[in-house]
Each structure stands twice: as C-alpha cells, then as structure tokens.
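Hi everyone, thanks for making time for this one.

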Amino acid sequence: MLLKKNNEMISSKSPSQILNVVLISLYDLGHQPLSIASAAALLKEYNCNIEIIELSNLKIAKESIKNAELILLSVPMHTAARMAVKLVPELRKINSDAHISIFGLYALHLQDALDERIIDSAISGEFESSLKVLVEELLTNQKEDDRSINSWISPKISFERQIFLTPSRENLPPLEQYAKMSINNSEKLTGYIETSHGCAHSCPHCPVTAVYQGKFRIVDKKSILKDVDNLIKIGAEHFTFGDPDFFNAPKHSLDIASSIKKKYPHITFDATIKVEHILEHKDLIKKLKDMGFLFIISAFESTNNHVLNKLEKGHLFNDMQLAIDICKSSNLIIKPTWIPFTPWMQFSDYPVLINFIIKNDLMNLISPVQYGIRLLIPKLSTLVSQLNEDGISITYSKEKLTYEWDHLDPNVDILFEEITNLINKDINTEELSTNFFDDIYNLVQSKTNNSMLPYQIINHETVGSTEDWYCCAEPTNRQILSVDSILN
Ligand code: SF4
C-alpha cells in the first residue's frame with residue numbers, strides 16, 4: 001500500500017488471508033542472513049507465504065515481487081541501506097501496491113525515505129514486535145482510520161524483551177553460497193549467530209549507539225542452540241558470533257560457546273571484543289583459545305588519543321598494545337579494525353598506524369579495506385554537534401546516508417584518495433594482492449621523509465572471512481551498480 005505524504009491512501013488492495021511476503025537480503029557481509037531467517041520465523045507464525053530473495057537473484061524473482069503484499073528489505077549495515085534506497089523505486093515499478101518496509105539497524109536512518117514515501121515503514125532495534133503489528137494490520141485489512149498509519153511515519157524502534165523464535169533458514173540458499181572462514185589455505189562453511197543485540201557502550205560514531213543508546217538485549221540460549229543444531233545439519237563448521245561486543249555479557253556468551261563446543265567439539269569460532277573488554281577480562285582470553293576461537297576482531301580505530309577520546313572508545317593507544325600482548329600470550333590471533341580517516345586525525349597519524357602494524361606484524365591480519373575507512377556520520381549521530389563545535393563543516397548527503405566532511409588539512413584528503421585508489425585496484429584484481437601492503441607502505445613512505453620502520457612479514461598465517469569487507473565502509477561503485485543493473 002502506498003501512502004501519500006498526507007497519509008491519505010493512494011490505493012488499498014485487500015490482502016488475502018494468507019499474506020504474500022517477499023524478504024530481500026541485500027548485503028550482510030557475505031553471511032547467511034540471520035535477520036532474514038529471524039523475520040521468516042515470525043512470518044511463519046502468521047502462515048505467510050514467504051519468498052526469500054538474495055539480491056543477486058532478484059531478476060529471476062520478478063513474479064514473486066509482483067504478487068507480494070509485503071516486501072521487507074533487511075538493512076543490517078550502511079552498505080545494505082544505501083542499496084535499499086536505490087532498489088526500492090525499482091521494486092515500486094514492478095509492484096506499486098505492496099507495502100515496502102525496511103528493517104534492521106540502519107532502518108533508523110531512513111527518515112528521508114519515509115518522508116518522501118520511497119518506503120512505507122522502517123523498523124529498527126528489536127524488530128519483531130513492530131513487524132508483528134505491521135503483519136497484523138495488513139492481514140486484518142484494517143480500515144484506513146483504524147490502522148495506526150501515523151505510527152509508521154517515523155522509524156519504529158523497539159527494545160522490548162521478547163521470546164526468541166528459532167530462525168527459519170530452510171528457504172535460504174545453502175551455506176556453500178555464502179562467505180566461508182578461510183584459514184591459511186583451507187575454508188570452512190560458516191554460520192552467523194548472535195548471543196546479544198545492542199551494546200552496553202555508547203560510542204558516538206557507532207550505528208548501534210544510535211539505535212540501542214547503551215542498552216543491549218540477551219538472545220535466549222535455547223533458540224540459539226536450536227539454530228546451531230540446524231546450521232550444523234546444513235554443514236556449518238565454524239561460527240561467527242556477530243554480537244556488537246561478545247563481552248557485553250561474557251557469562252552468557254561464553255556459556256553458549258561452551259555448550260556448542262561440548263556438543264560439537266570440532267567447531268571453531270570468532271567474535272568481536274573491544275580493547276577495554278580484553279583488558280578487563282584478560283583471564284577469559286585464554287579460555288577463548290581453549291574453546292576453539294580462531295581469532296577475535298577488535299575495533300582499535302586510531303593511534304591518536306585525541307581521536308580515541310572523540311570517539312569515546314574507552315581505550316588509549318597504549319591499551320591497544322596491551323590488548324595485543326594479552327592475546328599473544330594466549331596464542332589467540334587478534335585482528336584490529338580501524339577508522340584511519342576522521343576529521344580530528346593528523347596527517348602524521350597515518351605513518352604511526354603503518355608503523356604500529358609493522359611493529360606487531362599484523363600485515364597479514366588486516367584486510368585492505370581497513371586502510372581506507374573514512375568516518376561515516378549518519379544523520380542522527382551525536383557527532384554532528386561535536387563537529388559543529390569543532391568548526392568542521394559537514395553536509396548531509398541523502399544519497400550517501402552520511403554527512404560528508406573535508407579535513408582541515410587538504411593533504412589528509414589527498415592521502416585518503418590515494419589509499420582508496422590502491423584499495424580499489426586491489427579489489428578489482430579479485431584476488432588478494434601480495435603487493436598491497438608494499439603499495440601502501442611505499443605511498444606513505446614517499447610522503448613522510450622515510451620515517452617508516454623497515455618491514456618483513458614474519459607471521460604468514462592468514463585467517464578471516466572470504467568476504468573481506470567491513471560494516472562501516474562506504475559501498476564501492478561496483479556494489480551500488482549491482483543494484484542498478486539487477487532488475488534491468
Ligand atoms: S563501537 Fe563497539 S563498543 Fe562502541 S557502541 Fe559500537 S559496538 Fe559498542
């Protein structure tokens with residue numbers, strides 16, 4: 001159903017008793033999408049006819065889109081949200097009557113798309129309760145004045161505690177079609193699960209903060225373990241815990257990992273843990289190694305303490321070294337992630353970053369995209385007022401769903417462009433370039449009067465997802481173009 005700006009109905013078709021729903025997964029870092037499987041479980045409770053479509057299969061699914069009464073697009077991250085905004089007008093051309101809803105963490109940032117009626121609703125946070133309301137309204141074909149239409153004019157965010165259903169993965173493509181865990185030269189089929197949603201911390205740049213505002217919700221153990229059983233049946237050999245931070249509730253998350261390990265001793269894991277938590281729970285790091293964690297990811301972000309304070313990370317430069325040392329002493333690999341380009345960085349931070357990577361022999365553990373991450377500032381970010389106070393001019397781009405900013409030192413932006421070109425060159429070769437770090441190193445050295453440490457890769461171990469991307473990265477042109485061409 002499409003609504004005019006004044007909420008007057010343009011058209012109202014009578015949904016059948018059984019609702020036809022199309023669930024579209026746009027981009028989930030290559031994971032088999034948990035959000036889609038969770039939504040499917042809820043929709044099954046309402047006996048909906050569900051079709052799940054991966055972006056790459058949209059073209060062949062035009063008939064299903066035509067017949068849908070509800071089209072749901074999952075936007076767990078920035079890249080997916082950018083793709084959704086591009087795709088929805090194309091879906092409208094195929095089916096102008098369907099209610100088109102966007103759900104997931106980034107749905108919060110789609111107020112413009114709601115105002116312009118590009119989409120009909122946006123659901124964020126613990127999405128299930130709002131999705132239930134939406135489905136019930138569509139199913140009962142409530143009259144215009146009975147329906148809580150006004151409640152859909154802004155994104156709905158819920159933190160409601162809920163009874164979790166076991167995600168329904170039957171209609172999803174097999175794990176073989178998704179990203180795998182790559183360890184040196186071997187690959188493992190990978191399941192993506194979460195033991196919690198949200199985060200106890202409130203880093204102002206983080207999309208989780210915008211939605212959960214320092215709160216988190218535990219996912220019920222029973223539903224996770226059932227999901228794990230189902231994933232093992234379809235071949236999962238490794239599990240990625242996608243919690244924003246695995247140590248927000250370490251007792252709960254470790255209990256789940258240990259239950260999985262007990263039942264399936266061959267399984268391995270990875271998770272994301274912030275520096276502050278590594279230092280706080282250093283005794284648990286050894287435990288992770290013993291439980292079969294191959295590595296942990298940790299958001300180091302910057303080598304500049306001023307930037308770390310602006311981002312309220314709760315750690316400083318020296319803490320990052322301590323975190324590495326703690327992991328090393330437990331023989332657990334740590335893969336730092338970075339936001340090297342922020343409005344508060346100094347040009348001289350970049351060689352410090354490269355030297356830190358060299359000193360800790362992290363060259364093989366940091367994916368190319370990490371070297372060029374530029375701070376994204378979504379519309380509702382609390383950083384907006386901070387940047388205004390700091391005299392940094394920012395302009396909101398509706399298309400890019402972020403404020404754009406120039407660094408006060410033009411050399412920083414030139415460096416950013418050059419690094420981005422190297423990353424794009426690396427992506428376009430479609431195989432990991434062995435020369436990538438050389439290229440970065442030579443570029444930075446040429447600009448910094450030889451202040452760089454000499455380097456030699458000692459640790460040749462590589463481990464990580466075969467989808468080497470990052471949730472807070474700007475999409476590449478190729479990712480955006482894939483949406484343009486998909487329905488034509
Ligand atoms: S950056 Fe990490 S620690 Fe900070 S709010 Fe986001 S998820 Fe939590």
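When I say helix or strand today, I mean a DSSP run, H or I over at least four residues for helices and E over at least two for strands, numbered from the N terminus. Please keep in mind that this is a predicted model, where local features need pLDDT of at least 70 and side-chain atom pairs count only at pLDDT 80 or more, while totals for chains, interfaces and linings use all residues. Residues are numbered from 1 along each chain as its sequence is written, and side-chain values use heavy atoms, with hydrogens and water left out.

Let me start in a loop. Thr 342 sits between strand 15 and helix 13 (349-359). Is Thr 342 buried or exposed? Buried means under 20% relative accessible area, exposed means over 50%, and partly exposed is in between, using a 1.4 Å probe and protein chains only. At a relative accessible area of 1%, Thr 342 is buried. Leaving aside residues up to four places away in sequence, Thr 342 touches Val 307, Leu 375, Trp 405 and His 407, where contact means heavy atoms within 4.5 Å.

Now the whole protein. There are 17 helices and 18 strands, and 60% of the 488 residues count as buried. Among contacts with a separation of 6 or more, 76% are between residues 24 or more positions apart.

On to the sheet that strand 15 belongs to. Five strands make an open, parallel sheet in the order 9-12-13-14-15; two strands pair if DSSP finds at least two bridges between them. Strand 9 (190-193) and strand 15 (333-338) are at the edges with a single partner strand each, so one side of each has no neighbour in the sheet. On average, and ignoring direction, neighbouring strands are turned by 20° against each other. Inside the sheet, strand 12 (residues 238-241) and strand 13 (residues 268-272) are joined by three bridges, and Phe 239 stands opposite Phe 269 in strand 13.

Helices pack here too. Helix 7 (residues 221-233) touches strand 9 and strand 12, its direction making about 165° with that of strand 9. Axes are lines fitted to C-alpha atoms, for helices over the stretch in contact, and angles run from 0 to 180 degrees between N-to-C directions. Helix 8 (residues 250-263) lies across strands 9, 12, 13 and 14 (293-301), at about 175° to strand 12.

Next, the nonpolar cores, meaning sets of buried Ala, Val, Leu, Ile, Met, Phe, Trp, Tyr and Cys residues joined through side-chain atoms within 4.5 Å. The largest has 124 residues, and Leu 73 and Tyr 371 have the most contacts inside it. Helix 3 (residues 78-94) gives the largest share of this core, eight residues.

Strand 3 (residues 70-74) runs parallel to strand 4, joined by five bridges, with His 99 as the bridge partner of Leu 70. How many of the five residues of strand 4 (residues 99-103) are buried? Five of five. His 99, Ser 101 and Phe 103 are on one side, with Ile 100 and Ile 102 on the other.

Last, cysteines. A disulfide here is a pair of cysteine sulfur atoms within 2.5 Å, and a search of the whole structure finds zero. Cys 203 is buried at 7% relative accessible area, and Cys 327 is buried at 0%.
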